[in-house]
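Colleague: I have this one open now. Can we go through a few spots together?
Modeller: Go ahead.

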Amino acid sequence: MFTIQVLDNISPQGLSIFHPDLYQLGINPIEPDVILVRSHKLHGHPFSRNLKAVARAGTGTDNIPVEVLTKLGIPVFYAPGANANAVKELVMAAMIMGYRHLDETRSFITELSKENNQLLNREIETKKKKFVGHEISGKTLGVIGLGNIGVKVANAGLALGMNVLGFDTNMTLTNALALMPGVEKVMDMNWLLSHADIITLHIPLNTATTHLINEENISFVKPDTLLLNFSREQIVCENAILQQLNNQRLMGYITDFPTINLAGHPNVLCFPHLGASTQEAEQSAAEMVIRNVCNYLEYGIIEYSVNFPNISLSGTQVSHCYRLLAINKNTPGAMGKITQNISKLGFNIEQMENKSRGPIAVNLIDISGPKESLSELCDQLKHVSKLIDIRLVSNCQK
């Protein structure tokens with residue numbers, strides 16, 4: 001039985017995928033096989049030697065020490081695209097809120113005199129002019145990052161009558177095909193910054209994208225531009241944003257990542273990390289990542305891992321067949337030593353698959369032979385140079 005350590009609130013529909021005969025769930029199990037998280041930070045977390053996988057029911061993995069886990073031979077699973085529609089809808093709502101000053105008007109109505117309706121209506125008619133806004137139709141939307149979310153935002157903007165500019169130097173073929181033909185792709189981010197009326201950020205956080213919007217390039221932004229950040233807090237330099245707001249060059253800044261300085265600013269609208277907070281997105285992300293975890297533990301199949309290659313191997317009809325999952329450093333000769341040990345103990349390789357990604361190589365090997373020698377085989381393989389982990393997978397039959 002596999003033990004799953006659940007460190008955050010995960011969709012019950014997703015957790016129901018774990019079959020009770022194979023999986024035991026808990027908050028503090030001893031030496032778990034899997035750690036399942038959403039926002040829980042695992043940097044500095046003591047990982048047990050029994051750990052086989054870490055899974056995040058969401059898209060970003062900056063709360064997980066991926067490099068550390070890679071060296072330990074532990075795949076990190078995630079759910080790309082599962083929350084894309086939820087974030088897209090919030091971005092479009094935020095865009096309209098910013099252009100129509102809806103947050104300010106709500107506060108305005110709340111603070112009005114409530115003595116009688118006549119007085120209330122008179123005060124509304126007298127003061128509502130200061131909330132005159134803009135229409136987004138015909139405006140230019142600049143989308144920085146054309147991944148799963150950015151493509152949906154760009155397409156939605158186009159459908160609402162906006163002119164849409166898109167910037168992404170690493171766009172995948174799948175996302176390129178999903179992008180509507182009317183979206184203009186540009187190769188210079190500064191050109192986009194200088195031509196867009198509304199700019200929205202949809203890029204992952206890493207060393208290259210930290211403070212992507214900073215003191216230097218924010219000067220390219222047109223006056224009265226609305227800037228939205230639903231990626232990560234550190235994608236922008238906060239001081240640069242505040243300076244532009246205080247100089248009244250930015251119309252406003254809308255973000256899903258509040259800070260003390262931003263939350264109190266009159267031209268900033270903050271949301272409390274609501275991007276993926278819909279029942280549909282939470283369920284979709286949990287179901288996606290949990291299915292992939294189960295496939296890995298039960299069949300050795302890897303899909304949607306941030307640090308391991310995708311690998312799969314169909315079942316076999318050979319009787320007395322067993323599946324080995326071998327993880328090794330991606331160096332010459334390791335695979336040869338593994339197969340030599342398999343043949344020495346009288347096992348035959350029925351089928352195998354080998355994939356690598358960066359420093360890691362993964363091997364799925366279906367072998368037939370004497371069941372009583374399996375333990376000895378695994379023990380011998382553990383001593384193979386450059387081998388990080390070897391595990392007998394329970395299922396390889398069709």
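Colleague: Where does asparagine 217 lie?
Modeller: In the loop between strand S9 (198-201) and strand S10 (225-229). Helices (H or I, at least four residues) and strands (E, at least two) are DSSP runs, numbered from the N terminus. This is a predicted model, where local features need pLDDT of at least 70, side-chain atom pairs count only at pLDDT 80 or more, and totals for chains, interfaces and linings use all residues. Residues are numbered from 1 along each chain as its sequence is written, and side-chain values use heavy atoms, with hydrogens and water left out.

Colleague: Is asparagine 217 buried or exposed?
Modeller: Asparagine 217 counts as buried, because its relative accessibility is 8%. Buried means under 20% relative accessible area, exposed over 50%, and partly exposed in between (1.4 Å probe, protein chains only).

Colleague: Which residues is asparagine 217 in contact with?
Modeller: Leaving aside neighbours within four places in sequence, Met189, Asn190, Leu193 and Leu212. Contact means heavy atoms within 4.5 Å.

Colleague: Other loop, then. Where is glycine 161 found?
Modeller: Between helix H6 (148-159) and strand S7 (163-167). Glycine 161 is partly exposed, at a relative accessible area of 35%. Not counting residues up to four places away in sequence, glycine 161 touches Ser137 and Gly138.

Colleague: Switching to helices. At what angle do the axes of H12 and H13 cross?
Modeller: Roughly 155 degrees, and the axes of H12 (residues 334-344) and H13 (residues 374-381) come within 10 Å. Axes are lines fitted to C-alpha atoms, for helices over the stretch in contact, and angles run from 0 to 180 degrees between N-to-C directions. So H12 is roughly antiparallel to H13; the cut-offs are under 35 degrees for roughly parallel, over 145 for roughly antiparallel, 65 to 115 for roughly perpendicular, and oblique for the rest.

Colleague: Which residues make that contact?
Modeller: Ile338, Asn341 and Ile342 from H12, with Leu377, Gln380 and Leu381 from H13.

Colleague: Last one. How is the chain divided into domains?
Modeller: Into domain 1 (1-78 + 278-308), domain 2 (84-270) and domain 3 (313-397), with bounds from an automatic or database domain assignment. The centres of domain 1 and domain 2, taken over C-alpha atoms, are 33 Å apart.
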